[in-house]
Amino acid sequence: MKKLCVSAGIPRIVILGAIVIALASLSWANVSVPSIIGDHMVLQNGKAIPIWGKADPGEKITVTLGKQSQQVVAAQDGKWMVKFGRLKAGSSPLEMTIAGKENTITVRDVLVGEVWIGSGQSNMQWPVKLANNGEQEVAAAKYPEMRLFSVKLVSAAEPQDNCEGEWKVCSPETVPDFSAVLYFFGRELHT
């Protein structure tokens, strides 16, 4: 077993304190974004587009969306936000990068279009695979411009900064568990 050798002239607490300070100065928080900001996301057309996240207090963050770029400095609580101007709906996917001091997040296949929020109980949770003619609906669900972000159901006593979920592109592989109500609504808008 190895032992830590401490000089008799330097108290252990001073050495421990120096180690903690040295390690703290080496630690940093990577720039991060909530799960709603991810690959295959859809941004609302015709509205200002907020992009937000967390980083070290005072850290400079650069956010690039398509050909637009903005910079912001994280506040004392580490939170930051930029707002891009209105974009028109289009079929060409965009790429977004969020760059901080120590890391860069790349968000791919971002579309600008209509964003609708659906909420409810069992009626909104009913999946496409269990809808009337579910098997045929699943096989025909080839709408790569339709996306769904499902939020995992959890209880919380206070508002949350983030949730568990990810964007899914509508395809026969992903649509079986889409909300049937939202799928049929989105398909109606799509055509």
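Which residues does Ile61 touch, not counting residues up to four places away in sequence? In this predicted model, the list runs to Val31, Ala55, Gln70, Gln71, Val72, Ala74, Trp80, Ile98 and Ala99.

Ile61 is a handy way into the largest nonpolar core, which has 26 residues. Ile61 is among those with the most contacts inside this core, along with Ile51, Val63, Trp80, Met96 and Ile98. Strands do the supplying here: E1 (42-44), E2 (49-54), E3 (60-65), E5 (79-84), E6 (90-99) and E7 (104-113) are the elements that give two or more residues. E7 gives the most, with 4 residues. Apart from this core lies another one, of 12 residues, including Val128, Val138, Cys170 and Val175.

Cys163, at 30%, is partly exposed. As for disulfides, the structure holds 0.

Now for the rings. The whole structure has 4 aromatic pairs. In one of them, Phe149 and Trp167 sit with ring centres 5.5 Å apart and planes at 50 degrees, so the pair is tilted. This pair links distant parts of the chain, with Phe149 in strand E8 (residues 143-149) and Trp167 in strand E9 (residues 167-170), 18 residues apart. Phe149 is buried at 13% relative accessible area, and Trp167 is buried at 11%.

Tyr183 and Phe184 make an edge-to-face pair, 5.2 Å centre to centre with 65 degrees between the planes. Tyr183 is buried at 1% relative accessibility, whereas Phe184 is partly exposed at 26%.

Notes. Residues are numbered from 1 along each chain as its sequence is written. This is a predicted model: local features need pLDDT of at least 70, side-chain atom pairs count only at pLDDT 80 or more; totals for chains, interfaces and linings use all residues. Side-chain values use heavy atoms; hydrogens and water are left out. A nonpolar core is a set of buried Ala, Val, Leu, Ile, Met, Phe, Trp, Tyr and Cys residues joined through side-chain atoms within 4.5 Å. Buried means under 20% relative accessible area, exposed over 50%, partly exposed in between (1.4 Å probe, protein chains only). Contact means heavy atoms within 4.5 Å. A disulfide is a pair of cysteine sulfur atoms within 2.5 Å. Rings of Phe, Tyr and Trp (its six-membered ring) pair if their centres lie within 6.5 Å; planes under 30 degrees apart count as stacked, over 60 as edge-to-face and the rest as tilted.
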